[in-house]
2 protein chains.
Amino acid sequence: MFTNCEHRKNQFMKKINFYAGPAILPQEVLKEAGQSAISFGDMGLSILEISHRSKEFIAVMDEAEALVRELLNVSNDYAVLFLAGGASSQFFFTAMNLLGQNESAGYLDTGSWSSKAIKEAKAFGHVDVVASSKDKNYSYIPKGYQISDQHNYLHITSNNTIFGTEIFHLPETSIPIIADMSSNIFSRPIDVNRFSCIYAGAQKNMGPAGVTLVIIRKDVLGKVDRVIPSMLKYETHIDNQSSYNTPPVFPIYVSLLTMRWIKKLGGLKAMEKRNIEKAELLYNEIDRNSLFVGTANKEDRSRMNVCFLLKDSTMEKAFSEDAENAGCVGIEGHRSVGGFRASIYNAMELDGVQILVDVMKKFESKNT
Amino acid sequence: MFTNCEHRKNQFMKKINFYAGPAILPQEVLKEAGQSAISFGDMGLSILEISHRSKEFIAVMDEAEALVRELLNVSNDYAVLFLAGGASSQFFFTAMNLLGQNESAGYLDTGSWSSKAIKEAKAFGHVDVVASSKDKNYSYIPKGYQISDQHNYLHITSNNTIFGTEIFHLPETSIPIIADMSSNIFSRPIDVNRFSCIYAGAQKNMGPAGVTLVIIRKDVLGKVDRVIPSMLKYETHIDNQSSYNTPPVFPIYVSLLTMRWIKKLGGLKAMEKRNIEKAELLYNEIDRNSLFVGTANKEDRSRMNVCFLLKDSTMEKAFSEDAENAGCVGIEGHRSVGGFRASIYNAMELDGVQILVDVMKKFESKNT
């Protein structure tokens, strides 16, 4: 039982947000988002109640697109879209638009999200699973596999939120790559020209839940002959600057604020440096600490989602309590891996990771 | 040119929001939404950065569903869903899930949104347009038409945002009705049992852009045999309480706040009374004022979107300026009707309508 005083302390203690998604956003973004939900700029209205056709919101959309292009260095060969429905909708969207019934595509199976993408694509054409790490509970990224150059595209999941692995080297192939980058978009520079399509649910590094970024090469479109509902055609959204229907106004606005913050901090190179520092701090402790062990193959360890176990699983409850008492929230591992997962996206500060590391160190002292 | 002082006055003047959507929300909802975007409850985190699997957000979802059921009196024969993609996605969603390739459905064509629903449904089965008011630029609701009882369903648009008409009496038919209620949901009591499906983009009476309410009779599902992607099956979302993938957290939360406000003010009967008062005030002025004329057939006039013209269209700019100077925003008519449109959804106060009426009265005095 808390005393009243302890309860108040707990209630207002600074929390360190390790949720896998929706996930931590920069404090200054949250503050400005909250202010704009009450009163946006000098409009005398909330951002929640203005028309998506107002000049003020069109300016938001234009700047959001421009910042995606600037941060990721996206050429005019690509369209930049802000859609609804999450990455889970892009699993079928990509195949429906880009894979003919008699054509084939390669899919790299590196976890639950890859598997779902594979399942949805099968309804639209031939799916060749080029490699899978399911044999070891997705704890590594497959390498050295063959990819037919007859495939329309190769689909990959660039970071596996649940299993804590990340693809640092793209497969060597001449066919265009489609990537689900939901959980590591904007975490480091990438060469967009290697991809025919990149998609990402916003709710990790880009903004709140409710909007999905799609970057798509325009010349890959219009080649399948099936009937596609208007809302499910990329062309519809390209032709209407993501406003064929009412777009998710506020999630797009908060994504804009987050991208402004990324730019202010120095763009993706600065994010990469920051993310490497945080990941090294935490993985080094996992490797040093006698009580813990990481779950992912070392060379494939994600910089975004750090998965680790207590060697003695009976100690889990005690460690969870220590972490919670230190203000750490959201470190429960996904049920398919167990143990713990600390998601340390762009907005996580090094100080936040240090607090978790300190909890781990103290836990070791107490228990050895 | 404004002087500095006038500019400041204009900037901070209370605005009366007549946007057609996204649209006015109650001030207390906006304030609480903004506060929660900074710090939600006693979590020490923003609502924008918490997991959709957290107990706090599950409580939001549960209460939102319970309030939909309570306000609209929805029985357990129906599922209540919060989906992404807007009503524009429901145009194909409904047909894809409920209309077999060799089956037929009736569609009532009362405006642009009906026409889009018709277009999308044609890809999935036979569409019988039972009646249309296109002959008079959708200025009335067709009556007295025949509906085959062989159809799977009859699709209607209950309120036509663009043309300012509303259906007050449901067509007499024994077949189930599907209704796009985007622009008049929660504006008055309805008998849900007359419908097999009701859908509504939130961004008028329910909340901000980014979430779509779907109320669907469970026993109409599972009867078509086409392959449907997981994300496009109602069953997927029913089986997962709208959280098969990450739902649009914040739009759902603000919708919950809006529904709490509706309940606090007395529910849908109170909303209906309030909406009738506002609509009568504005339509009475349109009919009384020698300079203005309404565009919709009187008995079909929408209580949500009031469309009117200046008899002398050369006076439009002057009237727009007067309205703007009085703080009225968003009264430009849609390009397919021209003139003016004042959207007076639930959250609009009678005082706000009175300000517009006063502008009309003064404009008449000045110009006659």
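Okay, let me start with a definition: two residues are in contact if their C-beta atoms, placed from the backbone, lie within 7 Å.

Now the housekeeping. This is a predicted model, where local features need pLDDT of at least 70, side-chain atom pairs count only at pLDDT 80 or more, and totals for chains, interfaces and linings use all residues. Residues are numbered from 1 along each chain as its sequence is written, and chains are lettered from A and ligands numbered from 1 in the order in which they are written.

Chain A on its own, then. We have 10 helices and 14 strands in chain A. The C-alpha trace spans about 65 × 60 × 35 Å along its principal axes. The radius of gyration of chain A, taken over C-alpha atoms, is 21 Å, which agrees with the value near 21 Å for a compact globule of 368 residues; that rule is 2.2 Å times the number of residues to the power 0.38. In chain A, 52% of the 368 residues are buried, and buried here means 20 or more other C-beta atoms within 10 Å of the residue's own, with 12 or fewer called exposed and anything in between partly exposed. Of the contacts in chain A with a separation of 6 or more, 67% join residues 24 or more positions apart.

Let's look at a strand. E12(A), residues 305-310, has five of its six residues buried. E12(A) runs antiparallel to E11(A), residues 292-294, with three bridges between them; strands count as paired if DSSP finds at least two bridges. One pair there is Gly294(A) with Phe308(A). E12(A) also pairs with E14(A), residues 340-343, again antiparallel, over four bridges, and Val306(A) stands opposite Ala342(A).

Over in chain B, what about helix H5, residues 112-121? Seven of its 10 residues are buried, so H5(B) is largely enclosed by the rest of the structure. Among those buried are Trp113(B), Lys116(B) and Glu120(B). The cover over them includes H4 and strands E3, E4, E5, E6 and E8 of chain B.

So how do the two chains sit together? Chain B superposes on chain A by a rotation of 180 degrees with 0.0 Å of shift along the axis, RMSD 0.0 Å. That is the relation of a two-fold axis. Gly34(B) comes closest to the axis of all the residues of chain B, at 2.0 Å from its C-alpha.

How many residues does each chain put into the contact?

Last one: Phe92(A), in helix H4 of chain A. Phe92(A) counts as buried because it has 23 C-beta neighbours inside 10 Å. Leaving aside neighbours within four places in sequence, Phe92(A) touches Glu120(A), plus Pro229(B) and Met231(B).

Key:
Least-squares fit on C-alpha atoms with pLDDT ≥ 70 in both. Helix = DSSP H or I, 4+ residues; strand = E, 2+ residues; numbered from the N terminus.
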